[in-house]
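I would be glad if you could read them with the coordinates open beside you.

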Amino acid sequence: MCTSIVEIAAAEGMAKGRDDWFPLTHAVVAYDHARHALLGDVITLDFFHQDLPPSSRSAVELTLDSAKHLQAALSRAIAAAEFEEAEVRGQTEPPVRRRMTPVLEPV
Amino acid sequence: MSYIGMTCEMVTIKGEGGTPIQAYTAKPAGKGPFPGVVLVHHLPGWSEYYIGETRKLAHYGYMAICANLYERAGQGHPDDVAAKVRADGGIPDAQMVGDTAAAVQWMRAQPGHNGKVAVMGSCSGGRHAFIYACTKTDVDACIDLWGGRVVMGKEELNAKTPVSPIEMTPKLSCPLLGIFGNDDRAPSPEQVNQHEEALKKAGKTYEFHRYDGAGHGIWYHHRPLFRLEQATDSWGKTMAFLRKHVG
């Protein structure tokens, strides 16, 4: 495919590039044909800094299913983190059910 | 049986707005005259695949040039540069036309050139090649290899891609060859149908070849998208098209 499926989000943090860590400004999520994974179309995640050279990039290519698992894991971790943050601030939030061990898909 | 040698060099050409951009060139050994092919690289950028295709065309007797349309995004691995371009919303169609025009001009200025030029690209490069052949009148043939987004909805248009390429069809200035996989979804078989209808309506010279059991990137021998039977057949059709229209 030659898709135009591209989502861009502001990102604050750091990522590990080819040689070293670098600060981030953006994360880009795209769906198009893979450049490296031996797959057809993939979800590509790019983390980069808009003012640094192109080599300051951290990237992954994932199958759609892997991307869904990652999305779910992110959601669980974020929910748990927000609960912790609420506790720290003395707020009473309903407990969030947390999965403590990673769930691996059967090979 | 014998093979001809070739000379490969990097050159710098003046792209859109006078911006210096790099281009990879390959020339068959000998005095010629040789026909020319201007390659327009794909969405993954000015990649090793395209450098190899440039050499392959010289092997088949064509002077070839492939310009780095992503030059302005900075230097680095083609993947990284292409990712930066993607994050920036791609390159403007008008800029691509200016950069490709510089490659065509370079070709026409070469000693031993036969005066004929084809423009050829795959994926986004197929779309770009078609736009070029509809915008300029200095090429003699156009090859669109599975170019997506030739048919664009109004919601997809923006400052960088202001016109759906299919709307440019009446201005196509040369014969067109299209190679498509019927399992592709960008372009989908329905979009290829629409494009073919537009070509018929405008009375253009074209030939489309569509392959079952293939999707996008039929020739990409380094990717799982590669389809041996369909790639072999469509390469033969491409060579025949080039011989007919540019020599």
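1. Conventions. This is a predicted model, in which local features need pLDDT of at least 70 and side-chain atom pairs count only at pLDDT 80 or more, while totals for chains, interfaces and linings use all residues. Residues are numbered from 1 along each chain as its sequence is written, and chains are lettered from A, with ligands numbered from 1, in the order in which they are written.

2. Architecture of chain B. Chain B holds 6 helices and 8 strands, where helices (H or I, at least four residues) and strands (E, at least two) are DSSP runs numbered from the N terminus. Read from the N terminus, the order of its elements is β-β-β-α-β-α-α-β-α-β-β-α-β-α. The C-alpha trace spans about 50 × 40 × 35 Å along its principal axes. Its radius of gyration is 17 Å, which agrees with the value near 18 Å for a compact globule because that is what the rule gives for 247 residues; the radius is taken over C-alpha atoms, and the rule is 2.2 Å times the number of residues to the power 0.38.

3. In chain B, 51% of the 247 residues are buried, whereas in chain A 16% of the 107 residues count as buried. A residue is called buried if 20 or more other C-beta atoms, placed from the backbone, lie within 10 Å of its own. Of the contacts with a separation of 6 or more, residues 24 or more positions apart account for 69% in chain B and for 34% in chain A, a contact being a pair of residues whose C-beta atoms, placed from the backbone, lie within 7 Å.

4. Helix H3 of chain B. This helix covers residues 93–108, and its 16 residues reach 22 Å from first C-alpha to last, close to the 22 Å expected at 1.5 Å a residue; the expected span is 1.5 Å times one less than the number of residues. Among its buried residues are Met96(B), Asp99(B), Thr100(B), Val104(B) and Trp106(B). The buried residues of H3(B) pack against S1 (6–14), S2 (20–28), S3 (34–40), S4 (63–67), S5 (113–122) and helix H4 (124–135) of chain B.

5. The nonpolar core. The largest nonpolar core has 80 residues, of which Ala118(B), Val119(B), Ala133(B) and Cys142(B) touch the most other members. H3(B) gives the most to this core, with 7 residues. Such a core is a set of buried Ala, Val, Leu, Ile, Met, Phe, Trp, Tyr and Cys residues joined through C-beta atoms within 7 Å. Leaving aside neighbours within four places in sequence, Val119(B) is in contact with Val38(B), Val40(B), Thr100(B), Ala129(B), Tyr132(B), Ala133(B), Val139(B) and Cys142(B).

6. The contact between the chains. In chain B, 26 residues are in contact with 22 residues of chain A. Helix H2 (residues 78–87) of chain B supplies the largest share of the side of chain B that touches chain A, with 7 residues.

7. Strands of chain A. Chain A has 1 helix and 6 strands, in the order β-β-β-β-β-β-α from the N terminus. Strand S5 (residues 41–48) of chain A is mostly covered, with 7 of its 8 residues buried. S4 (residues 26–33) of chain A runs antiparallel to S5(A) and is joined to S5(A) by 8 bridges, with Tyr31(A) opposite Ile43(A). S5(A) also pairs with S6 (residues 57–62) of chain A in the antiparallel sense over 6 bridges, where Phe47(A) has Ser58(A) as its bridge partner. Two strands pair here if DSSP finds at least two bridges between them.

8. Backbone details to inspect. Most residues other than glycine have a negative phi, and most peptide bonds are trans. The Gly32(B) to Pro33(B) bond is cis, with omega near 5°, and Pro33(B) lies in the loop between S2 and S3 of chain B. Ala186(B) and Pro187(B) are likewise joined by a cis peptide bond, with omega about 15°. Phi is near 60° at Cys123(B), a residue in the loop between S5 and H4 of chain B that counts as buried because it has 25 C-beta neighbours inside 10 Å. Phi of Arg149(B) is also near 60°, and Arg149(B) is buried, with 22 other C-beta atoms within 10 Å.

Key:
A residue is buried if 20 or more other C-beta atoms lie within 10 Å of its own, exposed if 12 or fewer, and partly exposed in between; C-beta atoms are placed from the backbone. Two residues are in contact if their C-beta atoms, placed from the backbone, lie within 7 Å.
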